[in-house]
Amino acid sequence: MINGERTIRRPLRWGMIGGGRTGQVGYKHRTGALRDGTYRLVCGAFDLDAARGRDFGVNLGVDADRCYADYKELIASEKAREDGVEVVSIATPNFTHYEITKACLEAGLHVICEKPLFFTVAECEEIERLAEKKGLIVGVTYGFTGHPLVHQMAAMVKKGMLGEIRIVDMQYTHGFNSGDDVGAGEAVKWRTNPKTAGATFVLGDIGTHLYYLSEVVLPDLKIEKLLCDRKAFIPTRAPLEDHATVLMHYDNGARGRLWVSSVNAGNMGSQRYRFVGSKASIEWSDSHPDQLIYEVQGEPNRTLHHGMPYLEEESLAIDRMGALHTEGLGDSWSNIYLWIAQAIDAKNRGDEAFLKTHQYPGIKAGTEGVRWLENCVRSADAGSAWVDFK
Ligand code: NAI
């Protein structure tokens with residue numbers, strides 16, 4: 001169980017780029033980072049609007065002279081300080097991730113970046129080489145993959161409790177973009193423009209969460225080929241999609257399907273996963289994150305609850321609230337931030353042995369998400385053809 005006791009030598013000096021007052025995801029980063037005494041927020045370039053960003057940062061308790069107008073000023077000013085920032089989180093629109101990550105790594109800073117990580121696999125691989133050369137960590141914030149029941153699912157699969165995996169069925173949908181974008185806010189505008197979002201809208205925005213979570217639960221399954229069908233129900237969003245279906249063939253013969261949509265009108269279900277094996281199935285949804293449905297063929301169905309002693313050690317070790325009390329998204333983010341802090345601490349100490357076995361969403365997780373997107377787009381652009389996964 002995680003109880004807030006410090007697991008690294010001292011708090012990391014942490015800064016934020018983006019995630020300002022009007023940003024959607026910024027508070028999730030702060031919820032994750034500021035929980036266990038592993039990070040101390042010392043600076044930020046929180047906002048495109050410098051004055052608003054400074055005001056916001058001061059309200060968060062950051063010194064006014066360390067609330068910067070932009071990331072370049074942050075890097076230059078912090079470098080000049082003995083107590084300068086060591087790790088920054090990037091919570092800005094997609095098109096800025098690559099440029100800001102590269103500049104931060106070149107300045108010797110560890111980076112925690114939002115998904116989808118970059119626009120292309122080539123960019124991801126370049127950044128991986130740069131991070132390696134500089135001895136720095138790049139973490140990626142796939143929000144719900146720190147949840148204890150996600151790791152319960154992974155442990156059950158590993159133990160063979162499901163048998164051979166046959167079917168992977170995933171959904172991440174909502175209806176917030178069911179209407180047109182007239183008068184839409186900034187977060188919708190940049191998401192529906194290929195120059196600022198990249199080659200996808202909902203596939204990158206929410207589909208990458210499904211894909212990474214499936215990699216955590218099923219690390220041995222590799223996609224051999226896939227077919228992606230995508231559509232913009234609101235035509236002004238084309239060539240980007242507000243709805244997509246992806247079929248996948250895995251190397252063990254398993255079949256997968258997922259759908260992502262922001263035009264699933266009225267739907268508040270968010271993410272849902274069902275993994276079916278030859279003996280049993282498991283099903284989990286973030287709308288009821290405390291519960292995991294476990295169905296063994298021929299037996300009464302069971303509902304497993306987080307924090308209960310009958311769960312696997314891998315799940316109990318990362319539980320925070322204990323059974324009976326809701327364990328949710330904030331707790332999951334805290335685990336992800338904790339694991340990334342432990343990776344940074346190990347990197348700083350040169351403890352490569354620890355890093356070899358330490359699990360956290362890092363540069364490879366970010367790269368694989370972008371690789372999956374590239375394959376989806378290749379398939380969709382070929383008229384929803386089956387393509388070999390490259
Ligand atoms: P948003 O548009 O709501 O907020 C962006 C924030 O960044 C604003 O505060 C804006 O002023 C600031 N900003 C923009 N450009 C900047 C720059 N160059 N320098 C400094 N600040 C800048 O966007 P949202 O929804 O918060 O998304 C940000 C990123 O987070 C995206 O990559 C998105 O895909 C990802 N995201 C991830 C989630 C997750 O669960 N991991 C959930 C929501 C978004």
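**Pocket between the domains**

I began with the lining of the second largest pocket, which divides into 13 nonpolar, three polar and nine charged residues. My classes take Ala, Val, Leu, Ile, Met, Phe, Trp, Tyr, Cys and Pro as nonpolar, Asp, Glu, Lys and Arg as charged, and the others, Gly among them, as polar. This is a predicted model, in which local features need pLDDT of at least 70 and side-chain atom pairs count only at pLDDT 80 or more, while totals for chains, interfaces and linings use all residues. Residues are numbered from 1 along each chain as its sequence is written, and side-chain values use heavy atoms, with hydrogens and water left out.

I noted a volume of about 740 Å³ for the second largest pocket (the space filled by probe spheres set on grid points joined across faces, edges and corners). The grid is 1 Å over the protein atoms alone; a pocket is an open set with protein on both sides within 12 Å along at least five of seven lines, a cavity is a set of points where a 1.4 Å probe fits but cannot get out, and lining residues have an atom within 4 Å of a point.

This pocket has 25 lining residues, and Y360, G362, I363, K364 and A365 lie nearest its centre. Helix α13 gives the largest share of the lining, four residues (helices are DSSP runs of H or I, at least four residues, numbered from the N terminus).

Where does the second largest pocket lie? Domain 1 (12-144 + 336-362) and domain 2 (147-320 + 369-388) both give residues to its lining, so it lies between them. The bounds come from an automatic or database domain assignment.

**Domains**

I then looked at the two domains themselves. Their centres, taken over C-alpha atoms, are separated by 26 Å. In contact (heavy atoms within 4.5 Å) are 24 residues of domain 1 and 28 residues of domain 2.

**Cavities**

How many cavities of 30 Å³ or more are there? I counted two.

The largest cavity holds about 40 Å³ of space. Its lining is N94, P116, W190, R191, A197, T200, F201, G204 and D205, with α7 (186-191) and α9 each supplying at least two residues.

The second largest cavity holds about 30 Å³, and T145, H151, Y212, V216, W339, Q359, Y360 and P361 line it. I found no charged residues there, but five nonpolar and three polar ones. Domain 1 and domain 2 each supply at least three residues of this lining.
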